[in-house]
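Have the sequence and the model open side by side.

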Amino acid sequence: MKRLSIGFLFVLLALEWVDACTIAEAVAAALSAYTFLTFVHQFGDRIDFLSCISFIAALEILLVPTVTYWVFPASMPVESGDYFSYALPAWLAFYAGIQYVSRSSSIPSHSLCIQAARNYLQDKQKSCIVLLVIGLSGFSIKIIVPHAPAFIGSLPAYCLFISVFYAYYSRSLYRVLIFAIAGAMLLLYTVRTGMFGDLFLWLMLGLIFAAAGTPKPISAQTKTVFFSLGLAFLLLIQSVKGEYRYNTWGHWQGERSGNANLMIDLLTDRLANPEKLLNTDHFFLSFARFNQGIMIGSAMANVPMHEPYANGEVLLSFLYPFVPRLLWPNKPRTGGHENIRRFTSLPQSENTSINLSPIGEGYVNFGYGGILFAGLYGLLLGGIFQYVFFLSNRIPSAVLWLPMLYIGCLTMETDLLSTWGSLVNSGLFVVGLFWFLKRFHIQL
């Protein structure tokens, strides 16, 4: 970690020599580099979800806006000094909160927890088949009825990926078949909907988890290969996503169709013509795609000048997941349309969604008090992560459900209702599933 700190200082000092680079921008870029190096350093040593979330948050809130201020400042809604006066301390508070529990010496070794789960599952190999069936049922509903409630669509579908972990760690005889089915369903969903997020995020979560369970430390060379391949895959996705959606999506959300031949043609074209991926314009456009600073900056430009502070309405998002939509048909939906319409001047269409992010929502509710809110939100995410490990002392397989719990919390590109709702709904679903299957003498 000393080398990481030295690297942070080096980047900070180097940036100070860059023309037109403010101190805040230099700190933002250096902190982003630090969180990335921390993520890489801990990769393989632990289930590195919290460092991954911290880095993605730094990328979207600090690094991409910083580079945009250097390259195309006119695209940012507010001046650099105004933006970083909130965004920088808010991210620092979030980082301090989410990393607080991960530094605790009371957290058990992740590798030992995974080994305990492996031992626990040796006589429960049929559980992966049960999860496979539940997952396939959920995926079928999710594809046929895209707007089905999460408890009968998305959440059961996620069990398909958890079945992969169960099959792998229990050394099931059917593990190769389960891997193939899970991969095929994920690809089918991606082609059918044009939504690439689940594909990338589940592959990333699976890789982080699998790396943490390896018996030997992962070398720096292997890590370099992994992260290089991850970057190349991300660039490939960003390259084909826009063109694929343009040809398969209509104006409304219901006007979406899949085209496997088009997907194959696009991928083949990019692989045959790597210059379409490895060029400055594509790098910048892919990079700018993660600019959460535009949304937060637009909110800062509009609140409170044109729209008053919401004064805590965001806190209601913590209660919504506990009320079933069956009992409250008009319960607010995830997606961020209303927040963007109300608090910013940004355009959006019915078939796409942009979100204010939890840190942006903190500002529109509390002004600079959103800094404290960001810290508490980070502390909440880190605290739940820690609780799962303590729970694993009693139920060793609990750690295998961490990817499902945190799949909706990895990025700051979404709203608080989406992230918190995903975490709570996943937790309630898992608890209910454990209870229900236990009635049939099936232990997960």
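Is the crossing of helix 2 and helix 4 left-handed or right-handed? It is left-handed. Keep in mind that this is a predicted model. Helix 2 spans residues 23-42, and it packs against helix 4 at an angle of about 30 degrees. The two axes lie 10 Å apart. Angles under 35 degrees count as roughly parallel, and helix 2 and helix 4 are therefore roughly parallel to each other.

Now look at the residues that meet. Helix 2 brings Ala 24, Glu 25, Val 27, Ala 28, Leu 31, Tyr 34 and Thr 35. Helix 4 answers with Ser 80, Phe 84, Leu 88, Trp 91, Leu 92 and Tyr 95. By class, the residues of this contact between helix 2 and helix 4 divide into 10 nonpolar, two polar and one charged.

Stay on helix 4, which covers residues 80-100, and turn to helix 15, residues 357-366. This pair packs at an angle of about 120 degrees, with axes 11 Å apart. That angle makes helix 4 oblique to helix 15. Helix 4 passes helix 15 in a right-handed crossing. On the helix 4 side, the contact is made by Tyr 86, Ala 90, Trp 91 and Phe 94. On the helix 15 side, Ile 359, Gly 362 and Tyr 363 take part. The residues of the contact of helix 4 with helix 15 divide into six nonpolar, one polar and no charged.

Next, a single residue. Asp 198 lies in helix 9, which runs over residues 197-212. Is Asp 198 buried or exposed? Buried means under 20% relative accessible area. Asp 198 has a relative accessible area of 15%, so it is buried. What does its side chain make a polar contact with? The partner is the side chain of Lys 142, at 3.3 Å. Leaving aside neighbours within four places in sequence, Asp 198 is in contact with Lys 142, Tyr 158, Leu 186 and Tyr 189.

Finally, step back to the whole protein chain. Its secondary structure comes to 18 helices and zero strands. The chain has 444 residues, and 51% of them count as buried. Consider the contacts between residues at least 6 apart in sequence: 74% of these join residues at least 24 apart.

Notes
Residues are numbered from 1 along each chain as its sequence is written. This is a predicted model: local features need pLDDT of at least 70, side-chain atom pairs count only at pLDDT 80 or more; totals for chains, interfaces and linings use all residues. Side-chain values use heavy atoms; hydrogens and water are left out. Helices (H or I, at least four residues) and strands (E, at least two) are DSSP runs, numbered from the N terminus. Buried means under 20% relative accessible area, exposed over 50%, partly exposed in between (1.4 Å probe, protein chains only). A polar contact is a pair of N or O atoms within 3.5 Å; within protein, one must be able to donate a hydrogen and the other to accept it, and residues adjacent in sequence count only if both atoms are side-chain atoms. Contact means heavy atoms within 4.5 Å. Axes are lines fitted to C-alpha atoms, for helices over the stretch in contact, and angles run from 0 to 180 degrees between N-to-C directions. Angles under 35 degrees count as roughly parallel, over 145 as roughly antiparallel, 65 to 115 as roughly perpendicular and the rest as oblique. A crossing is left-handed if the near helix is turned anticlockwise from the far one by less than a right angle, and right-handed if clockwise. Ala, Val, Leu, Ile, Met, Phe, Trp, Tyr, Cys and Pro count as nonpolar, Asp, Glu, Lys and Arg as charged, and the others, Gly among them, as polar.
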